Amino acid sequence: MISSNRDKIRDFQVESPLLPSPESAHSLDGGEFTSERRYSNLVLSNADLSGQSANNVVIENASLTGVMMSDMKFNKFRIRDARFEKCDLSNAKWSKALLSRLELVGCRITGLRLVDGKALDLRFERCKGNSAQFTGTTFKDTRFEDCIF
């Protein structure tokens, strides 16, 4: 029996991120991102990082909940193995971003601009993203579940 394309789409799974364990978790020193820096095992809750700018930032193994990141500007930004839950990314601009195993759950992404980036195993779930732009960004193994655009 031949399966339909609808069955293939329904069975499609995005690889889940590897998140930090409580024992290895770190917060953000100084409350802001610094250019040319790697952040590992990052855990943030209810922080306001709005309006920050940085270049060549790497975030890996991270869990962010309720974090305000509106109007953030990141250039050559890399995220690997992260979950953003109920975060505000409105009007943020991520240029030349490399996103891998990233989950955005219940986030506000209105006006988010992903420009000339690459995304692999990216999952948007219950996100609100009017006017979100993905100009020049390529997606592989990406899901949008119950999102509003």
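Modeller: Let us begin with pairing: two strands pair if DSSP finds at least two bridges between them. Strands themselves are DSSP runs (E, at least two residues), as helices are (H or I, at least four residues), and they are numbered from the N terminus. This is a predicted model, in which local features need pLDDT of at least 70, side-chain atom pairs count only at pLDDT 80 or more, and totals for chains, interfaces and linings use all residues. Residues are numbered from 1 along each chain as its sequence is written, and side-chain values use heavy atoms, with hydrogens and water left out.

Colleague: How do you know that strand β5 and strand β7 pair?

Modeller: Seven bridges join β5 (residues 78-85) to β7 (residues 98-105), in the parallel sense. The definition asks for at least two bridges, so the two strands count as a pair. One of the bridges links I79 with L99 in β7.

Colleague: What makes β1 and β10 edge strands?

Modeller: Both belong to an open sheet of six strands, with parallel pairing and the order β1-β3-β5-β7-β9-β10. Each of β1 and β10 has a single partner strand, so one side of each is left without a neighbour in the sheet. Neighbouring strands of this sheet are turned by 5 degrees against each other on average, direction ignored. Such an angle is taken between axes, which are lines fitted to C-alpha atoms (for helices over the stretch in contact), and runs from 0 to 180 degrees between N-to-C directions.

Colleague: What is the strand order of the open sheet of four strands?

Modeller: That sheet has the order β2-β4-β6-β8, again with parallel pairing. Its edge strands, β2 (53-55) and β8 (113-115), each pair on one side only. Three bridges connect β2 with β4 (residues 73-75) in the parallel sense, and N55 stands opposite N75 in β4.

Colleague: Why is E36 called exposed?

Modeller: Exposed means over 50% relative accessible area, buried under 20%, and partly exposed in between (1.4 Å probe, protein chains only). E36 has a relative accessible area of 58%, and therefore counts as exposed. The residue lies in the loop between α1 (5-11) and β1 (38-45).

Colleague: What makes the phi of E36 worth a remark?

Modeller: Most residues other than glycine have a negative phi. The phi of E36 is near 60 degrees, a positive value in a residue other than glycine.

Colleague: Where does S131 lie, and is S131 buried or exposed?

Modeller: S131 is in the loop between β9 (118-125) and β10 (138-145). Its relative accessibility is 56%, so S131 counts as exposed. Its phi, near 65 degrees, is also positive in a residue other than glycine.
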